[in-house]
Amino acid sequence: MISVSLSRRYARALLTLSQRRGDLEQTQRELAELSGLFARDVRVRRFFETPNIARMEKLAFLEERWRPKFGAAVYGLLMVLLRRRRLDHLVSIADEFHKLSEQAQGIVRATVRSAVPFDDAQAERLTAALGRRSGLRVVLTRETDPGVIGGAVVSMDHQVIDGTLVMEFWRIRRQLLQTRVHG
């Protein structure tokens with residue numbers, strides 16, 4: 001499996017190229033489509049992963065089928081990956097590209113997990129508060145988890161804000177244990 005740093009290197013190079021060309025959204029769309037194809041179609045993956053299939057046959061396939069379908073940036077990436085025998089790692093490169101492109105556009109993803117579903121008004125207030133706090137545009141995902149019991153847990157950009165009832169009970173317990181009663 002390809003390392004994350006190598007995937008990120010390819011993704012960064014593609015991001016820089018896309019930004020220079022002004023086709024970041026198109027590149028993101030095309031790469032997501034291509035990555036989805038690789039992720040769900042075993043035949044495509046096997047074709048590019050099988051070392052017994054000649055590189056010229058793979059090149060002919062790319063030239064005939066995918067060159068007209070994809071822009072210069074994504075097609076160029078495909079050619080580099082084919083030359084370096086790394087086409088089987090396209091999915092991880094696309095994942096890294098997606099993260100880096102959202103970061104470049106000032107987008108951060110957050111997840112809120114609560115015992116009961118957040119309604120739209122609550123989600124909008126939370127999104128606005130997280131946006132003010134981070135200075136970025138927040139895309140919020142809502143999850144319901146009955147194990148939370150009460151409150152919510154928000155995960156955003158490798159940070160966790162735990163406002164659950166369980167965590168509050170733990171804080172109160174810790175304070176009580178640390179408190180000394182004189183008398």
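**Stop 1: Glu 102**

Select Glu 102, which is found in helix α6 (residues 90-104). The model you are looking at is predicted. Is Glu 102 buried or exposed? Its relative accessibility is 8%, so Glu 102 counts as buried, the cut-off being under 20%. Now show what surrounds this side chain. Apart from neighbours within four places in sequence, Glu 102 is in contact with Gln 28, Ile 107 and Arg 109.

**Stop 2: the whole chain**

Zoom out and colour by secondary structure. The chain has 8 helices and 4 strands. Followed along the sequence, the pattern is α-α-α-α-α-α-β-α-β-β-β-α. The radius of gyration is 23 Å, well over the 16 Å that the globule rule gives for 183 residues, so the chain is more spread out than a compact globule. Along its principal axes, the C-alpha trace spans about 85 × 35 × 30 Å. Of the 183 residues, 35% count as buried. Now consider contacts between residues at least 6 apart in sequence: 65% of them join residues at least 24 apart.

**Stop 3: strand β1 and its partners**

Select strand β1 (residues 107-114) and strand β2 (residues 137-144) together. They run parallel and are joined by 8 bridges. How does the chain cross from β1 to β2? It passes through helix α7 (residues 120-134), and this β-α-β crossover is right-handed.

β1 and β3 pair in the antiparallel sense, over 5 bridges.

Click on Ala 110. Which residue is its bridge partner in β2? The partner is Leu 140. In β3, Ala 110 stands opposite Met 156. Then move to Ser 114, which stands opposite Thr 144 in β2.

**Stop 4: helix α3**

Select helix α3 (42-49). Which residues of α3 are buried? They are Val 44, Phe 47 and Phe 48. Turn the view to look down the axis of α3: these buried residues fall within an arc of 85 degrees, so they line one face of the helix. Show α2 and α4 as well, since these are the helices to look at next. The buried residues of α3 pack against both α2 and α4.

**Stop 5: helix α4**

Move on to helix α4 (residues 55-66) and check its length. At 1.5 Å a residue, its 12 residues should span 16 Å; the end C-alpha atoms are 15 Å apart, which agrees. Select Lys 58, Leu 62 and Trp 66, the buried residues of α4. Down the helix axis they fall within an arc of 40 degrees, so they line one face of α4. What do these buried residues pack against? Their partners are α2 (24-40), α3 (42-49) and α5 (72-83).

**Stop 6: Leu 17 and Arg 142**

Finish with Leu 17, in helix α1 (residues 4-21). At 35% relative accessibility, Leu 17 counts as partly exposed. Then draw a distance from Leu 17 to Arg 142, C-alpha to C-alpha. How far apart are they in sequence and in space? The two are 125 residues apart in sequence and 34 Å apart in space.

Conventions
Residues numbered from 1 in each chain as written. Predicted model: local features only at pLDDT ≥ 70, side-chain atom pairs only at ≥ 80, totals over all residues. Heavy atoms only, no water. Helix = DSSP H or I, 4+ residues; strand = E, 2+ residues; numbered from the N terminus. Expected span 1.5 Å × (residues − 1). Buried < 20%, exposed > 50% of the residue type's maximum accessible area, 1.4 Å probe, protein only. Arc of directions from axis to C-beta. Contact = heavy atoms within 4.5 Å. Pairing = 2+ DSSP bridges. Right-handed = clockwise from strand over helix to strand, strands pointing away. Rg over C-alpha atoms; globule rule 2.2 N^0.38 Å.
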